Amino acid sequence: MNETTTQAVKAPTLKGFLIDCHTRTITEVAVPDSRKLGDESRAILDYMYRTLDVDLVTTVRLNDRDDTLWLDDEGLLKEGAVLWHYKGSRQYFAGRGLVLGSDDEGYSTSVSDAVTLDSLRESIVWTELRVG
């Protein structure tokens with residue numbers, strides 16, 4: 001009798017960090033790698049929209065290693081949105097954020113080793129401020 005074993009095929013993922021202002025936590029997350037799933041795949045955008053709870057995203061470059069913060073493009077317009085910022089910066093962000101890397105072609109990649117969970121936890125300032 002032949003026994004066949006089936007193993008689940010793991011979808012390719014990227015390492016990122018989710019900044020959640022509602023729970024004031026920063027966690028490592030596995031993000032679908034659209035490039036390896038095919039250029040036509042919207043997996044990464046669908047993940048962002050769902051995880052960040054947004055309709056539009058925008059980006060902020062974090063460093064010279066092309067690490068990028070993805071945010072709600074309309075976050076500062078949403079009544080009651082929680083605000084946060086980086087130490088030493090006067091730029092406030094609203095809502096959740098997702099940190100990923102990027103390559104020369106504009107594709108998202110895993111976050112570089114320049115950004116760590118500890119460095120993010122030390123850099124982010126949670127506020128009691130809300131939009132509106």
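Me: Is R24 buried, partly exposed or exposed?

Reply: First, the basis. This is a predicted model, where local features need pLDDT of at least 70, side-chain atom pairs count only at pLDDT 80 or more, and totals for chains, interfaces and linings use all residues. Residues are numbered from 1 along each chain as its sequence is written, and side-chain values use heavy atoms, with hydrogens and water left out. Now the scale: buried is under 20% relative accessible area, exposed is over 50%, and partly exposed lies in between (1.4 Å probe, protein chains only). R24 has a relative accessible area of 35%, so R24 is partly exposed.

Me: What is the phi of R24?

Reply: Most residues other than glycine have a negative phi. R24 has a positive phi, near 55 degrees. R24 lies in the loop between β1 (13–20) and β2 (25–32). Strands here are DSSP runs of E, at least two residues, numbered from the N terminus.

Me: Where is D66?

Reply: D66 sits in the loop between β3 (57–61) and β4 (68–72). Phi of D66 is positive too, near 70 degrees. D66 is partly exposed, with a relative accessible area of 24%.

Me: Which strand order does the open sheet of 3 strands have?

Reply: Pairing comes before order. Two strands pair if DSSP finds at least two bridges between them. The order is β6-β5-β9, with antiparallel pairing. β6 (92–94) and β9 (124–130) each have a single partner strand, so one side of each lacks a neighbour in the sheet.

Me: How many bridges join β5 and β9?

Reply: β5 (residues 82–86) pairs with β9 over 4 bridges, in the antiparallel sense. For V82, the bridge partner in β9 is R130.
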